[in-house]
Amino acid sequence: MTPVAPLSRRSPTHQRWTLDDIPWQSLDRSLIADQELLFYLLTTASFIETATDTYAHNLIEYYAGDEEVTAWLEQHWQHEELQHGCALKRYVQTAWPDFDWDQVYQAFFAEFSAHCVIEALEPSRCLEMLSRCIVEMGTASYYSTLSRLSPEPVLHLLTQLIREDEVRHYKYFYHYFLRYRERENLGRWKIFRTILRRLHMIDGEDSSIALKHAYGIRHSNASFDNRLYRIIQKRGRYLMGPQFPHAMSVKMTLKPLGLNPRVQKTVAPMIAFLSRYLLWGEGSMRIKSYDRMLMDFYTRLRVYALNQWARFAG
Ligand SMILES: [Fe+2]
Ligand SMILES: [Fe+2]
């Protein structure tokens with residue numbers, strides 16, 4: 001893959017990049033046009049990012065009175081998320097020119113917008129900030145994976161830029177989460193339960209609606225049901241699993257729990273290991289049975305324990 005020229009970065013107080021910074025003329029369709037799975041991954045992302053303003057409106061209303069948060073949401077976050085949608089839309093339209101993006105998006109939005117109601121937000125401002133952290137962790141991991149597996153240089157650059165934005169969004173939401181946590185005095189158990197619930201929602205209804213519309217236009221005779229969604233989702237996981245940034249996503253997920261650094265250092269690699277095997281199916285490509293997986297896990301645990309013992313003994 002021939003890399004495209006790096007961007008000259010703008011001032012951190014301004015937008016870091018615009019659509020004009022992407023070398024669209026260098027996009028090599030021959031490297032991506034027949035990759036149906038990538039088409040779905042990018043189209044669904046472009047739909048959900050483009051629909052951000054509906055959600056942003058609810059979020060701004062929810063934090064009314066907190067000038068700093070609403071100003072950041074309105075002037076930076078919303079604007080950058082919408083730019084992600086525009087850039088991904090342009091990529092999809094250039095790579096797959098037969099796909100009528102606008103028409104399919106309209107059908108998607110009609111169904112999607114019904115789910116975007118203020119009642120869908122968390123019951124407290126602190127928990128909503130936490131929820132946003134998990135969403136940004138999910139998108140940062142998603143674009144990081146796409147950037148690593150992209151066979152096409154322009155897509156590699158674009159997803160890398162979006163990933164950097166998502167990581168920055170996470171940092172802002174985390175900063176505001178800490179501030180609200182002090183005010184609301186939430187316990188770790190409540191935070192943990194919210195993280196689990198939010199993780200469960202990633203890859204949920206939004207993605208299913210987006211995929212249904214993107215798939216329907218390519219397979220007009222096939223009916224899209226939950227079974228088909230799971231099959232495509234599984235194929236996506238097999239494609240993405242080997243490139244997924246497990247360590248980064250686990251670190252970002254655990255951070256709001258404020259664990260003791262030593263505890264975090266112990267549990268993070270184990271969760272990353274389980275995520276690699278159980279969630280992303282990477283293990284099933286390398287090992288054939290759960291016995292082998294448990295042996296593998298046990299071996300790693302033993303090596304880790306020995307290393308810890310050597311550190312303290314030495
Ligand atoms: Fe985004
Ligand atoms: Fe974001």
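Student: Is R125 buried or exposed, and how many other C-beta atoms lie within 10 Å?

Tutor: A residue is buried if 20 or more other C-beta atoms lie within 10 Å of its own, exposed if 12 or fewer, and partly exposed in between, with C-beta atoms placed from the backbone. R125 has 20 other C-beta atoms within 10 Å, so R125 is buried. This is a predicted model, in which local features need pLDDT of at least 70, side-chain atom pairs count only at pLDDT 80 or more, and totals for chains, interfaces and linings use all residues. Residues are numbered from 1 along each chain as its sequence is written, while chains are lettered from A and ligands numbered from 1 in the order in which they are written.

Student: Which residues is R125 in contact with, leaving aside its neighbours within four places in sequence?

Tutor: Two residues are in contact if their C-beta atoms, placed from the backbone, lie within 7 Å. With those neighbours left aside, R125 is in contact with Y63 and Y180. R125 and Y62 are 63 residues apart in sequence, yet 7.7 Å separates their C-alpha atoms in space.

Student: How many helices and strands does the protein have?

Tutor: Helices (H or I, at least four residues) and strands (E, at least two) are DSSP runs, numbered from the N terminus. The protein has 13 helices and zero strands. Of its 314 residues, 31% count as buried. Among contacts with a separation of 6 or more, 78% join residues 24 or more positions apart.

Student: What span should α4 have, and how far apart are its end C-alpha atoms?

Tutor: The expected span of a helix is 1.5 Å times one less than its number of residues. For the twelve residues of α4 that gives 16 Å, and the end C-alpha atoms are 16 Å apart, which agrees.

Student: Which residues of α4 are buried?

Tutor: An α-helix has 3.6 residues a turn, so residues three or four places apart point the same way. In α4 the buried residues are W101, Y105, F108 and F112. Seen down the axis, they fall within an arc of 65 degrees, so they line one face of the helix; the arc is that of the directions from the helix axis to the C-beta atoms. The face turned away from this buried side carries the exposed residues Q103, Q106 and A110. The cover over the buried residues of α4 includes α1, α3 and α8.

Student: What is F112 in contact with, leaving aside its neighbours within four places in sequence?

Tutor: F112 is in contact with A51, D206 and I209 when those neighbours are left aside. F112 counts as buried because it has 20 C-beta neighbours inside 10 Å. F47 is 65 residues from F112 along the chain, and their C-alpha atoms are separated by 9.7 Å.

Student: At what angle do the axes of α5 and α10 cross?

Tutor: Two packed helices are described by the angle between their axes and the distance between the axes. Axes are lines fitted to C-alpha atoms, for helices over the stretch in contact, and angles run from 0 to 180 degrees between N-to-C directions. The axes of α5 and α10 cross at roughly 170 degrees and come within 9 Å. That makes α5 roughly antiparallel to α10. Angles under 35 degrees count as roughly parallel, over 145 as roughly antiparallel, 65 to 115 as roughly perpendicular and the rest as oblique. I134, M137, S141 and S144 in α5 meet M248, S249, M252 and T253 in α10.

Student: At what angle do α1 and α9 pack?

Tutor: α1 and α9 (residues 226-240) pack at about 100 degrees, with their axes 11 Å apart. They are therefore roughly perpendicular to each other. In this pair, L37, Y40 and L41 of α1 meet I232, R235, G236 and L239 of α9.

Student: Which residues of the largest nonpolar core touch the most other members?

Tutor: A nonpolar core is a set of buried Ala, Val, Leu, Ile, Met, Phe, Trp, Tyr and Cys residues joined through C-beta atoms within 7 Å. The largest one has 52 residues, of which Y91, L130, C133 and L158 touch the most other members. Its largest share, eleven residues, comes from α5. That helix is mostly covered, with 21 of its 25 residues buried. Not counting residues up to four places away in sequence, C133 touches Y170, F173, Y174, F177 and P256.
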